[in-house]
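Please look over the sequence and the structure before going on.

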Amino acid sequence: MNFRRTRAVARKEFLHIIRDARSLILALLLPLVMLLLFGYALSLDVDQIPTIVYDRDHTPQSRDLIREFSGSRYFQVTAVANSYDDIDRDIDRSRTLLAIVVPENYSKDLLAGREAQVQLIIDGSDSNTASIAVGYTEALVQSYALQLRSEAQVQKGGGKLNNAVEPRIRVWYNNDLVSRNYIVPGLIAVILMIIASLLTSLTIAREWETGTMEQLLSTPVRPTELVLGKLSAYFTLGITDMVICLVIGVFVFDVPMKGSVLLLLFSSCLFLFGALSWGILMSASTRSQLVAYQLGTLTSFLPAFLLSGFIYSIHSMPVIIQAVTYIVPARYFVTVLKFIFLKGVGVEVLWAELTFLFLYAAIVFLFASRKLRQKIA
Amino acid sequence: MRERLKVIIRKELIQALREPRMRVMLILPPIIQLIVFGYAANLDVDMSLIAWMDRDATQESRELLSNFEGSGRFQIVATPQRDAEMQHLLDHGDVDAVVRVLPGFARDVERGRTTSVQVLVDGTNSNTASIVSSNAGQAIARYSNEVNLRRQRDKLVGRTMSTGGPLRPNIPRVDARTRVWFNADLRSRNYFVPGVVVNIITLITLMLTAMAIVREKEIGTMEQLMVTPIQSIELMLGKTLPFALVGLFDTALAVTVALVLFHIPFRGHVWVLLLGACVFLMTSLGAGLFISTVSRTQQQAMMSTFLFFQPFFLLSGFTFPIRNMPPAVQYLTYLNPVRYFLEIVRGVFLKGSGVSVLWPQLVALAIIGASVLTLSALRFHKKLD
């Protein structure tokens with residue numbers, strides 16, 4: 001292990017990156033594009049549900065109920081239907097998501113003390129939005145019913161009717177329930193994984209394809225030094241990306257950063273080291289750039305995007321897939337990121353995740369160096 | 001011209017299918033992607049893990065607990081006694097929420113005062129958190145309603161008894177009857193898997209077209225093609241038509257897996273889907289052609305494909321509803337072909353929509369496809385000269 005030789009490889013790799021403008025642009029532009037998309041444009045938060053109203057009762061009571069919906073910030077009454085066909089058409093064309101139908105005998109039932117029914121038709125294709133919308137509508141109807149009962153009791157000379165039990169819901173760590181706050185920290189893991197898999201997976205395969213590997217072999221550089229040298233170049237790129245994400249996330253998108261920046265940097269280094277080593281391992285396992293690239297995306301980008309809990313919660317996956325996520329390093333890193341950003345916890349909570357990331361990095365690095373040595377020998 | 005075109009299509013097909021590794025690449029990655037996506041891409045919260053912190057320990061608080069358990073949406077995994085334990089559970093992410101019943105709960109319920117139940121939700125994942133809050137709110141509201149009705153009846157009975165009048169529990173009640181269309185069980189898999197079909201066909205056709213042309217450039221066989229009497233339009237068609245076939249084949253494969261493995265409802269007509277796929281292929285093949293004209297090496301082609309594909313994919317409404325985007329971005333998505341194809345595929349799968357509903361999307365795709373193809377063809381032509 002010689003520091004000078006490692007540095008020489010690193011310098012050569014840096015020159016490669018700087019001269020290949022497109023890789024450099026990809027490496028620096030991609031985080032920006034993804035941050036902008038996720039920060040500004042993409043959100044899972046449901047409000048202003050487009051709603052169509054079909055009032056078959058036409059009484060002050062039915063209008064009162066409809067007013068309750070149009071006054072809520074969760075609903076936006078965009079159209080008034082005159083028949084079920086109108087509802088059909090609008091839902092088929094995805095112009096509306098929710099239809100409120102007040103039946104003909106609504107006010108009669110209500111005044112007679114029978115159970116008055118409101119019909120809600122919801123487009124369930126987007127099940128996530130739909131189930132949140134169902135929750136909103138049912139809560140609204142329930143609280144409206146209580147209000148009516150209270151009024152009725154006051155009229156009959158009884159006291160005002162209060163809600164017997166009130167839920168006091170307090171959301172910890174992300175008070176306003178903004179999806180950006182949990183997506184942006186997780187995005188750091190995805191971006192680092194893309195850099196690692198897309199750039200690193202090609203680096204050794206390229207040396208083989210272009211025939212420069214033989215030249216490298218004739219120099220006194222050793223496999224470990226070669227891996228370390230190549231790693232350090234991409235490592236610098238990765239850390240730059242991480243800092244870009246951190247700064248833009250915190251200062252432009254106001255994502256809360258409650259924990260220690262130092263711990264964040266430290267864990268990013270651990271993760272990045274492992275991810276880059278994995279890229280090198282993929283690259284050393286094949287001599288074709290196309291195959292290396294395919295292996296890289298299938299084994300690192302896809303799991304980081306899908307199986308890490310970045311967007312899709314691991315708890316909702318089938319048990320077998322949940323078991324698979326335990327060997328996905330991004331899973332641990334996404335947990336670390338979210339916990340540091342939003343919960344502000346430290347090593348006392350995250351030691352298990354950090355230990356895994358450390359072991360993963362060490363093992364994959366050893367494998368990568370050994371694989372390269374085998375290939376060379 | 002027919003003859004030459006046939007020859008180049010044959011050459012392209014042989015080249016694509018000759019290598020065993022390439023044959024595997026055409027079939028395996030789409031299936032792996034579909035399966036992983038199908039199982040993992042899931043935003044449903046069926047069962048949330050909660051901690052129950054009962055500081056009251058009375059008949060009433062247990063009644064509330066059985067309301068939570070009875071809803072089938074909560075699993076009580078811990079019963080912390082002290083605040084520190086609760087903090088620990090939330091910090092470690094062991095539970096999605098803690099329900100805290102404070103001392104005096106039963107007393108307040110009995111005396112008819114408004115009392116409250118605290119629900120502390122872990123907001124780290126805002127989507128899960130808002131579903132959990134809404135479920136908890138509903139369970140509490142149900143209990144509250146029961147208590148309320150009981151109270152009101154007692155009062156009415158008391159009053160009618162004292163006045164001696166007839167018993168008339170004239171309480172206004174409103175009930176919501178919710179019906180869910182197209183996806184009655186609200187399974188997010190039904191929404192995502194058709195989307196994955198779109199994702200796979202886009203990526204495969206884009207990548208293969210771009211790579212096939214750049215490879216000829218890289219290994220120098222492009223010059224050989226140029227000295228043959230083949231014309232650029234024939235070369236272009238010959239380079240894209242085989243991949244159109246591959247794209248259609250992969251679509252059929254993906255649809256089959258979606259139906260057989262994931263039991264996604266397919267309510268529309270196959271030919272509407274096929275029509276949509278054919279029109280969409282104009283765009284994706286055209287874009288692949290375009291990438292090939294701006295890339296010199298396969299690596300550049302791969303990276304451009306990736307940079308190009310990501311924003312289109314994310315802004316298509318695949319996971320993140322277009323409705324939630326800022327208005328300016330919503331207008332931009334009208335230029336996004338993936339958006340239209342996604343609407344077609346989901347419409348055919350879930351809503352059983354036909355051409356009468358989907359024609360705006362088809363027309364938009366045709367216009368985008370024609371412009372992209374023309375633009376790439378012009379560039380391609382210039383490059384050859």
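This is a predicted model: local features need pLDDT of at least 70, side-chain atom pairs count only at pLDDT 80 or more; totals for chains, interfaces and linings use all residues.

On the side of α2(A), the contact is made by R22(A), S23(A), L26(A), L30(A), V33(A) and L37(A), while α11(B) brings Q300(B), M303(B), L307(B), P311(B) and L314(B).

## The contact between the chains

Taken as a whole, the contact draws 95 residues from chain B and 91 residues from chain A. On the side of chain B that touches chain A, the elements that each supply at least two residues are α2 (20-40), α4 (83-92), β4 (115-122), α6 (126-163), β5, α7 (188-219), α11 (298-314) and α13 (337-351). The element that gives the most to this side is α6(B), with 21 residues. The residues of the side of chain B that touches chain A divide into 48 nonpolar, 33 polar and 14 charged.

## A sheet ending in a strand of chain B

Which strands form the open sheet that has β5(B) in its order? Five strands take part, in the order β2(A)-β1(A)-β3(A)-β4(A)-β5(B), and their pairing is mixed. The edges are held by β2 (75-80) of chain A and β5 (173-181) of chain B, each of which pairs on one side only. Leaving direction aside, neighbouring strands of this sheet are turned by 30° against each other on average. Helix α6 of chain A, residues 127-155, packs on the sheet and touches β1, β3 and β4 (115-123) of chain A together with β5 of chain B; the direction of α6(A) makes about 165° with that of β5(B).

Within chain A, strand β1 (residues 49-55) and strand β3 (residues 98-102) pair in the parallel sense over five bridges, and V53(A) stands opposite I100(A) in β3(A). Across the two chains, β4(A) and β5(B) run parallel and are joined by nine bridges, with Q119(A) standing opposite R177(B) in β5(B).

## A sheet ending in a strand of chain A

A further open sheet of five strands has the order β5(A)-β4(B)-β3(B)-β1(B)-β2(B), again with mixed pairing. Its edge strands are β5 (165-172) of chain A and β2 (74-78) of chain B, each pairing on one side only. Here the neighbouring strands are turned by 30° against each other on average, with direction ignored.

Inside this sheet, strand β1 (residues 48-54) of chain B runs parallel to strand β3 (residues 97-101) of chain B, and five bridges join them. The bridge partner of D54(B) in β3(B) is V101(B).

## Helix packing within each chain

In chain A, helix α1 (residues 3-19) packs with helix α9 (residues 223-251) at an angle of about 45°, their axes being 8 Å apart. That angle makes α1(A) oblique to α9(A), and the crossing of α1(A) and α9(A) is right-handed. Among the residues that meet are V9(A), F14(A) and I17(A) in α1(A) and L226(A), A233(A) and L237(A) in α9(A). The residues of the contact of α1(A) with α9(A) fall into eight nonpolar, three polar and four charged.

In chain B, the axes of helix α10 (residues 270-294) and α13(B) come within 10 Å and cross at roughly 170°, which means that α10(B) is roughly antiparallel to α13(B). The contact joins V272(B), L273(B), G276(B), F280(B) and T283(B) of α10(B) to P337(B), F341(B), I344(B), V345(B) and V348(B) of α13(B). Its residues divide into eight nonpolar, two polar and no charged.

## Domains

The domain assignment of chain A gives domain 1 (3-42 + 178-376) and domain 2 (49-155), and the C-alpha centres of domain 1 and domain 2 of chain A lie 49 Å apart. For chain B, the assignment gives domain 1 (2-42 + 187-384) and domain 2 (48-163), and 51 Å separate the C-alpha centres of domain 1 and domain 2 of chain B.

Terms used: Residues are numbered from 1 along each chain as its sequence is written. Chains are lettered from A and ligands numbered from 1 in the order in which they are written. Domain bounds come from an automatic or database domain assignment. Two strands pair if DSSP finds at least two bridges between them. Helices (H or I, at least four residues) and strands (E, at least two) are DSSP runs, numbered from the N terminus. Axes are lines fitted to C-alpha atoms, for helices over the stretch in contact, and angles run from 0 to 180 degrees between N-to-C directions. Two residues are in contact if their C-beta atoms, placed from the backbone, lie within 7 Å. Angles under 35 degrees count as roughly parallel, over 145 as roughly antiparallel, 65 to 115 as roughly perpendicular and the rest as oblique. A crossing is left-handed if the near helix is turned anticlockwise from the far one by less than a right angle, and right-handed if clockwise. Ala, Val, Leu, Ile, Met, Phe, Trp, Tyr, Cys and Pro count as nonpolar, Asp, Glu, Lys and Arg as charged, and the others, Gly among them, as polar.
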